[in-house]
Amino acid sequence: FFWLGTTIYIAGSHLYTSLFLANVRPVDALDWINAMIAGLVQDLLVKPMFFAALFGTVSSMVLCCRPDVKRAIEVEYMQQEKPRLESQDSIFDESDSEASLSGAQEQAVVPWAPRPPEESIPFS
């Protein structure tokens, strides 16, 4: 049912547009086509690029001005434990690998928790 409805809608749209263009002067039809192309370019290219640049700039400013947010992102996404390769284990002897593992177990990542609003530092 969906495809049938979609096909009928598209056919009706084409028929409506063709009837419109057949009943206007060629100059007006060309103006309408130019406006339609400009609208498509604006909706499909200009607006997405503008919002991508805007969101990238705002997020960069937030990361620059709020080091606590940057730290939270680093803790959550960038400091995940990496799997060790077997070839890395073979370069250490048993005593070195046990010492390095016990040292690694002692270092715990402290989870970041947001401060309540009353403790937050306002923007200055």
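This is a predicted model: local features need pLDDT of at least 70, side-chain atom pairs count only at pLDDT 80 or more; totals for chains, interfaces and linings use all residues.
At 43% relative accessibility, Asp43 counts as partly exposed, a class that sits between buried (under 20% relative accessible area) and exposed (over 50%), judged with a 1.4 Å probe on protein chains only. Residues are numbered from 1 along each chain as its sequence is written, and side-chain values use heavy atoms, with hydrogens and water left out.

**The chain as a whole**

The protein chain has 5 helices and 0 strands; here helices (H or I, at least four residues) and strands (E, at least two) are DSSP runs, numbered from the N terminus. Of the 124 residues, 3% count as buried. The accessible surface of the chain is about 11400 Å², and carbon and sulfur atoms own 67% of that surface; such areas come from the Shrake-Rupley method with a 1.4 Å probe, and for residues only the protein chains shown count as cover.

**Salt bridges**

How many salt bridges does the count come to? There are 3 of them, where a salt bridge is a side-chain nitrogen of Lys or Arg within 4 Å of a carboxyl oxygen of Asp or Glu. Here they are side by side.

| Arg25 | Asp28 | 3.2 Å |

The partners can be looked at pair by pair. Arg25 is exposed, at 55% relative accessible area, whereas Asp28 is partly exposed at 30%. Lys47 and Asp43 both belong to helix α2 (residues 26-65), and as they are 4 residues apart, about one helical turn separates them. In the remaining pair, Arg66 is partly exposed at 23%, while Asp68 is buried at 15%.

**Where α2 meets α3**

Two packed helices are described by the angle between their axes and the distance between the axes. For α2 and helix α3 (residues 67-78), the angle is about 100° and the axes are 5 Å apart; axes are lines fitted to C-alpha atoms, for helices over the stretch in contact, and angles run from 0 to 180 degrees between N-to-C directions. That makes α2 roughly perpendicular to α3, a label for angles of 65 to 115 degrees (under 35 is roughly parallel, over 145 roughly antiparallel, and the rest oblique). Val62, Leu63 and Cys65 of α2 make the contact with Pro67, Val69, Lys70 and Ile73 of α3, contact meaning heavy atoms within 4.5 Å. By class, this contact has 6 nonpolar, no polar and 1 charged residues; Ala, Val, Leu, Ile, Met, Phe, Trp, Tyr, Cys and Pro count as nonpolar, Asp, Glu, Lys and Arg as charged, and the others, Gly among them, as polar.

**Two residues to look up**

Val69 lies in helix α3 and is partly exposed, at 25% relative accessibility. Leaving aside residues up to four places away in sequence, Val69 touches Val62 and Leu63.

Trp32 has its place in helix α2 and is partly exposed too, at 31%. Which residues does Trp32 touch, not counting those up to four places away in sequence? They are Thr17, Phe20 and Leu21. Trp32 and Leu21 are 11 residues apart along the chain, and 8.7 Å separates their C-alpha atoms.
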